[in-house]
Amino acid sequence: MATAIAVTSGKGGTGKTSLVGAVGSCLAALGHPTLCIDMDVGLRNLDLTLGLSDRALMDFTDVAQGRCPLQRAVVEHPDIKGLFLLTAPYTLPGSLTEEAVGELLRQARELYDYILLDAPAGLGEGFQLAVCGCDRAIVVSTTDASALRDAQRTVGELTQRQVEQVHLVVNRVQPKLLRKLHTTIDDAMDTAGLPLLGVVPEDSLVTLCANQGAPLILRTNKGAAVGYRNIALRLDGRKIPVMRIR
């Protein structure tokens with residue numbers, strides 16, 4: 001059965017968009033048709049991360065408001081079979097409703113196994129639209145105290161929206177910094193109040209690949225790519241040990 005997953009973060013800079021692109025790539029590589037929807041209106045970057053900026057012409061509001069069929073609006077990745085993108089508009093129409101977004105997701109569930117919604121940082125209107133029809137949610141945080149506090153607020157909003165399955169991804173983990181702060185991943189889980197879906201180490205190749213428009217999994221099978229792959233496998237129901245970061 002198709003699953004729509006909202007990928008959220010209370011704070012910007014946690015690496016949420018990179019995670020959506022990488023985990024979506026891994027799910028597609030596992031044989032699951034996967035649609036990544038950029039919900040970050042006005043600040044979209046998922047098309048750059050996936051190297052599809054010149055191909056993405058229609059956006060999710062075109063589909064939600066009936067101007068374009070979903071299958072015509074999405075863009076398939078040329079190098080990763082089964083990976084599709086539906087980008088965000090530069091402005092959000094005032095007439096767009098949660099019901100329209102819900103109908104968009106209903107159509108997407110008929111075509112794809114996974115739908116990953118890249119929600120904007122913060123808890124504003126874009127966030128509300130991104131989570132309105134999701135089946136589960138991922139909260140992405142770093143070990144930074146402010147990011148974890150914002151993650152707590154995000155959890156509260158998701159609880160109010162009655163999203164039943166919410167998991168934490170601790171991203172951009174720096175072991176040396178953890179030791180200096182005398183903290184652990186367990187501490188991050190306790191602060192956020194969420195079960196752990198995965199950890200991803202800080203990896204300069206993530207930024208390099210994003211700037212070059214090259215999906216990470218096409219460049220390496222080490223570092224952050226391992227963390228993203230493990231998250232995809234867990235979403236797919238497989239039991240994978242949490243990555244140990246040293």
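The lining of the largest cavity holds nine nonpolar residues, four polar ones and no charged ones. In this classification Ala, Val, Leu, Ile, Met, Phe, Trp, Tyr, Cys and Pro are nonpolar, Asp, Glu, Lys and Arg are charged, and the others, Gly among them, are polar. The model is predicted: local features need pLDDT of at least 70, side-chain atom pairs count only at pLDDT 80 or more, and totals for chains, interfaces and linings use all residues. Residues are numbered from 1 along each chain as its sequence is written, and side-chain values use heavy atoms, with hydrogens and water left out.

## Cavity and pocket

A search of the whole structure finds one cavity of 30 Å³ or more, and the volume of the largest cavity is about 90 Å³. Of its 13 lining residues, S18, T49, A214, P215 and L216 are the closest to the centre. Helix 1 (16-29) and helix 10 are the elements that give two or more residues to this lining, and the largest share, four residues, comes from helix 1.

The terms rest on a 1 Å grid over the protein atoms alone: a cavity is a set of points where a 1.4 Å probe fits but cannot get out, a pocket is an open set with protein on both sides within 12 Å along at least five of seven lines, and lining residues have an atom within 4 Å of a point. Grid points are joined across faces, edges and corners, and a volume is the space filled by probe spheres set on the points. Helices (H or I, at least four residues) and strands (E, at least two) are DSSP runs, numbered from the N terminus.

The largest pocket has a volume of about 480 Å³. It is lined by 26 residues, of which T14, G15, K16, T17 and S18 are the closest to its centre. The elements that give two or more residues to the pocket lining are helix 1, helix 2 (46-49), strand 7 (165-173), strand 8 and helix 10. Here the largest share, four residues, is from helix 10. By class, the pocket lining has eight nonpolar, twelve polar and six charged residues.

Helix 10 (residues 204-212) is capped at its N-terminal end by D203, with a side-chain oxygen 2.9 Å from the backbone nitrogen of L205. Just after helix 10, G213 has a positive phi of about 65 degrees.

Helix 11 (residues 224-235) has twelve residues and reaches 17 Å from its first C-alpha to its last, close to the 16 Å expected at 1.5 Å a residue; the expected span is 1.5 Å times one less than the number of residues. Eleven of the twelve residues of helix 11 are buried, where buried means under 20% relative accessible area, exposed over 50%, and partly exposed in between (1.4 Å probe, protein chains only). Among the buried residues of helix 11 are Y228, I231 and L235. Just after helix 11, G237 takes a positive phi of about 90 degrees.

A nonpolar core is a set of buried Ala, Val, Leu, Ile, Met, Phe, Trp, Tyr and Cys residues joined through side-chain atoms within 4.5 Å. The largest nonpolar core has 34 residues, of which L19, V23, I138, Y228, I231 and L235 touch the most other members. Elements that give two or more residues to this core include strand 1 (3-8), strand 5 (114-118), strand 6 (136-141), helix 10 and helix 11. The largest share of the core, seven residues, comes from helix 1.

## Single residues

Most residues other than glycine have a negative phi, and most peptide bonds are trans.

| Residue | Phi | Place |

Q162 counts as exposed because its relative accessibility is 68%. R172, at 36%, counts as partly exposed.

R44 lies in the loop between strand 2 (34-38) and helix 2, and R44 is buried, with a relative accessible area of 16%. The side chains of R44 and Y90 are joined by a polar contact of 3.1 Å. Such a contact is a pair of N or O atoms within 3.5 Å; within protein, one must be able to donate a hydrogen and the other to accept it, and residues adjacent in sequence count only if both atoms are side-chain atoms.

I115 is in strand 5 and counts as buried at 0% relative accessibility. I115 and R229 are 114 residues apart in sequence and 16 Å apart in space, C-alpha to C-alpha.
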